[in-house]
Amino acid sequence: MTDRYQTFTRTPLGQTLVKNLGLPDPVPLQRWTEGSRVIDGSVVFGAIGETEAGKAIQALLRDIGASFSTATEGVASSQIRPKALVFDATGALSTADLTSLQRFFSPVIRQLAPAGRVIVVGRTPELATSTEQHIAQRALEGFTRSLGKEVKRGATVNLVYVAPDAHEQLDSTLRFFLSPKSAYVDGQVARVGTGPLVGNDPERPLAGKVALVTGAARGIGAAIADTLARDGATILGVDVAQNADPLRKVMTRLGGSELLLDVTAVDAAQRIAAHAQEQYAGLDIVVHNAGITRDKRLANMRTDTWDAVLDVNLRAPERITSHLVEAGTIRAGGSIIGVASIAGIAGNNGQTNYATSKAGVIGLVQALAPKLAEKQIRINAVAPGFIETEMTAKVPFTIREVGRRINSLQQGGLPIDVAETIAWFADPASAGVTGNVIRVCGQSMLGA
Ligand code: NAD
């Protein structure tokens, strides 16, 4: 799907009009390609005091070979443009400490390179040891979300809350947010908790793992299959019989196996479990991506239209998850990922059925995260915003154009953006990441 407006803004005439009329300027985002480094440029690190999280962040920056300097009050404007600004705010014990944010960022924020990254690391507010600390840490959300709206040229701003004693779990999450893999993830809050330390190869983090991807024949599902396979996983792709040809193409390309079934069929969970057991002796990753829309205002909604959407988007993931967990198909260390939508957060005219199903997916994550932790299985969800696929190509032109522009990056995302976020969740090194719902929406204004 081409964004003709974005293409036009890259022409000399387009740039003149953008500048003179103050029109949206959706710069092409930098995405990960073979050989990309985690961060291509220098990093400026700041902190409120010396903390365990700060030490872990600096160790990671060394590990990825980033050239970084430390500063408490930003860097002088004559210095080179940093590609990332990373601020450790875990040391903020009261609101008095919040001035450090302004002191660090104000002098340097204008210097941030195109497609730059800003990451603030805080302490999980609910786990604070005092009321003052809880308030100060919670305040970081307002800071990062506002700064996300101020930075330009494809830069993103995200907040990572780390639980006490979980600083060693920060690696995979910081790598994701620093790298081009998070190009369309902006204004988000990720939470990292404790978990077993898993040392794997960041180039092939899913080597030896088996991933089920539903709706893998096209769109976002095909991108998820490609990306998880790129990271080393063997893919079991599921889609409906009508999509047998495209599904076979994807699975042949990736050397995976396919299973033609409707996820709403009464025996869908049993068939998936049997196939996974027979072919791979189980599963490590389950991505509930298959989804449909049947838009109608509620006054005109028929029961079958309502149920069709709830069945595919919510009841099927609920039933399949429950069966795969009970049957022991998902191995310890496994990761389940739901695909929600910002419609499930913000609501959307004509989508009561869809938004109910997608808010339910968020409920599934929140309800199951603590229970599955006992079995060492994690569950998270992505909530995509406007992603360029066949689904959104069918949206009427004006609504489509608005959907593309009303976010901080002023453009739609690509299926790969959703897939990269899922790959971060799936990574065994993200052992401390569970119960998260991360929007892949370029910081859409909807439901923000
Ligand atoms: P798509 O329509 O292009 O692809 C969906 C795939 O799921 C298709 O291959 C389809 O055959 C399969 N599928 C549908 N019903 C199925 C069933 N009953 N059993 C098995 N497979 C089934 O959609 P997409 O845009 O790639 O969306 C993928 C997911 O992302 C969906 O859950 C969707 O709700 C969600 N999402 C998409 C967007 C977006 O902007 N495209 C935004 C938010 C959320």
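Me: Which exposed residues sit on the face of H5 turned away from its buried side?
Reply: This is a predicted model, so everything here is read off computed coordinates. Look at helix H5, residues 131-150, and turn to the face pointing away from its buried side. The exposed residues carried there are Thr 131, Gly 142 and Ser 146.

Me: And why do the buried residues of H5 end up on the same side?
Reply: The buried ones are Gln 133, Ala 136, Gln 137, Leu 140, Thr 144, Leu 147 and Gly 148. In an α-helix there are 3.6 residues a turn, so residues three or four places apart point the same way.

Me: How far does H5 reach from its first C-alpha to its last?
Reply: H5 has 20 residues, and at 1.5 Å a residue you'd expect 28 Å. The model comes close to that, with a reach of 30 Å.

Me: Let's zoom in on Thr 144: is it buried or exposed?
Reply: Thr 144 belongs to helix H5. Leaving out residues up to four places away in sequence, it touches Val 120, Val 157, Asn 158, Leu 159 and Gly 187. A residue needs 20 or more other C-beta atoms within 10 Å to count as buried. Thr 144 has 23 of them, so it is buried.

Me: Which domains does the protein have?
Reply: The bounds come from a domain assignment. Their centres, taken over C-alpha atoms, are separated by 29 Å. The two are domain 1 (25-192) and domain 2 (210-440).

Me: Which element gives the most to the side of domain 1 that touches domain 2?
Reply: The contact takes 25 residues from domain 1 and 20 residues from domain 2. On the domain 1 side, the elements giving two or more residues are H5, helix H6 (171-178) and strand E6 (189-192). The one that gives the most, with four residues, is H6.

Me: How many residues of H6 are buried?
Reply: H6 is mostly covered. Its buried residues, including Leu 174, Arg 175 and Leu 178, pack against helix H3 (52-63), strand E3 (84-88), E4, E5, E6 and helix H15 (415-426). The count of buried residues in H6 is eight of eight.

Me: How far apart in space are Val 38 and Leu 174, C-alpha to C-alpha?
Reply: Val 38 lies in the loop between helix H2 (12-21) and strand E1 (43-47), and it is buried, with 21 other C-beta atoms within 10 Å. Setting aside residues up to four places away in sequence, Val 38 touches Ile 64, Arg 175, Leu 178 and Ser 179. Val 38 and Leu 174 are 136 residues apart in sequence, while their distance in space is 9.6 Å.

Me: Last stop, the ligand: which residues around it come nearest?
Reply: The shell around the ligand has 13 nonpolar, 11 polar and four charged residues. Out of the 28 residues there, the nearest are Gly 215, Gly 219, Gly 291, Thr 389 and Met 391.

Me: And which elements give two or more residues to that shell?
Reply: We're still looking at the residues around the ligand. The elements that pass that mark are helix H7 (219-230), strand E8 (234-239) and helix H13 (390-393).

Definitions and conventions
Residues numbered from 1 in each chain as written. Predicted model: local features only at pLDDT ≥ 70, side-chain atom pairs only at ≥ 80, totals over all residues. Near = placed C-beta within 6 Å. Nonpolar A, V, L, I, M, F, W, Y, C, P; charged D, E, K, R; others polar. Expected span 1.5 Å × (residues − 1). Buried ≥ 20, exposed ≤ 12 C-beta atoms within 10 Å, placed from the backbone. Domains from an automatic or database assignment. Contact = placed C-beta atoms within 7 Å.
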